[in-house]
Amino acid sequence: MANVVVVGAQWGDEGKGKIVDWLSERADVVVRFQGGHNAGHTLVIGDTTYKLSLLPSGVVRPNKLAVIGNGVVIDPWALLSEIEKLSGQGLAITHDNLRIAENATLILPFHRELDVMREEAAGDGKIGTTGRGIGPAYEDKVGRRAIRMEDLRNLETLGPKVDRLLLHHNALRRGLGQPEVSKDVVMRELHEIAPKVVPFIDVTWDLLDEERRAGKRILFEGAQGALLDVDHGTYPFVTSSNTVAAQAATGAGIAPGALGFVLGIAKAYTTRVGSGPFPTELKDEIGETLGERGHEFGTVTGRRRRCGWFDAVLVRQVAKVSGIDGIALTKLDVLDGFSEVKVCVGYTLDGERLSRLPAGADAQARIEPVWETFEGWSQSTRGARRWADLPAQAVKYVRFIEELIECPVTLLSTSPERDDTILMKDPFED
């Protein structure tokens, strides 16, 4: 049996929630390996809707182990809030079904404050962060001054570590004309929160190795999308972590050879939240229609998503960088009823034809899409569970996408309902 890595193949919001839920029912262990509580997804099980931001999807199902890996930055207050909310929905979140890596980095209240302060100071140059402190926490991680989960088990060692951390942050706050953070306040907050999260701490790399050797199925759940990767995305309009599939190994503490099948999730069109280049964006009635039909609002922020036609250039690039073995194509039903459907098959930049996204932000902002236009379909695809249930033009559209992205569509989603799925290949089977 293969382990499975799930990554977004666009700018996030690709419908990973449904696909991960569908896969998590068949997995034994579900691992989050990067990001923080800035990315959210919605799971619908029976008549109950669960909105998750930080917790792995496995927590909503019985007899599954959920793991938050070392590559995740954790706001312990947000974590407890999410646990309490799920508890109110009848779910028991304990050490039996949730473990957190001892070497994961913490997001503290002043990280959130700094995130907001810098965005406000940036004016028109905003990156478009969610203001949840994700970026500043990752900065402290690579700056080797972060407070980590393990530190909450050793409160007597916190004083000098907080001093070093505040030496950096208070200098930034002075530069922004903001009041400094009090060490006493930080120490009190950490002492208060520690007993509530320490019970979940574990040596998760060792735990995952044991589970893998025991033949358990492990699902590695990514957040955001590969086009927000800090190295391979539309920099600087990206998140602060690596979101490509290779990060599953680093962010979970497991050997790359243990990752198995890489499943990329992509919408049948394209969306993006926040600032940054978007070559196929539609600022017209069609874009509005895509947003309304697709209910394109962020799970965490509620922000309206920008919408456009499918960009095969970007998804092909992501498939190569992430080593995607198959694509789960979601929201095909949103395209029902259009008289014509377009796909971006290339770009032009200053009159030159390109088959990839240039790395420079200036060039990314100037590229123009090259379109291929398809006849649309009037017959509904919503709820289809077999290829034979799809209109011929919809099948043609999917097959053309496969050719352009040089990667097979192994799973097709035709509605938010988990069973409205056409499966061509089971990712968990070798």
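Student: Where is Gln224 placed?

Tutor: Gln224 sits in the loop between β10 and α8. Helices (H or I, at least four residues) and strands (E, at least two) are DSSP runs, numbered from the N terminus. One caveat: this is a predicted model, where local features need pLDDT of at least 70 and side-chain atom pairs count only at pLDDT 80 or more, while totals for chains, interfaces and linings use all residues. Residues are numbered from 1 along each chain as its sequence is written, and side-chain values use heavy atoms, with hydrogens and water left out.

Student: What is the phi of Gln224 near?

Tutor: Phi of Gln224 is near 55°, a positive value in a residue other than glycine. Most residues other than glycine have a negative phi.

Student: Is Gln224 buried or exposed?

Tutor: Gln224 counts as buried because its relative accessibility is 8%. Buried means under 20% relative accessible area, exposed over 50%, partly exposed in between (1.4 Å probe, protein chains only).

Student: And Arg144, buried or exposed?

Tutor: Arg144 counts as exposed, at 71% relative accessibility. Its phi is near 60°, also a positive value in a residue other than glycine. Arg144 is in the loop between α4 and α5 (158-175).

Student: Which peptide bond is cis?

Tutor: The bond from Tyr235 to Pro236 is cis, with omega near 10°. Pro236 lies in the loop between β10 (218-221) and α8 (247-252).

Student: Switching to helices. At what angle do α3 and α4 pack?

Tutor: Helix α3 (residues 109-122) and helix α4 (residues 134-142) pack at about 115°, with axes 7 Å apart. Axes are lines fitted to C-alpha atoms, for helices over the stretch in contact, and angles run from 0 to 180 degrees between N-to-C directions. So α3 is roughly perpendicular to α4 (under 35 degrees is roughly parallel, over 145 roughly antiparallel, 65 to 115 roughly perpendicular, the rest oblique).

Student: Which residues of α3 make the contact?

Tutor: His111, Leu114, Asp115 and Arg118 of α3. Contact means heavy atoms within 4.5 Å.

Student: Last topic, the core. Which residues touch the most other members of the largest nonpolar core?

Tutor: Phe220, Phe310, Leu329, Leu335 and Tyr397, out of 73 residues. A nonpolar core is a set of buried Ala, Val, Leu, Ile, Met, Phe, Trp, Tyr and Cys residues joined through side-chain atoms within 4.5 Å.

Student: Which helix gives the most to this core?

Tutor: Helix α12 (residues 392-405), with 7 residues.
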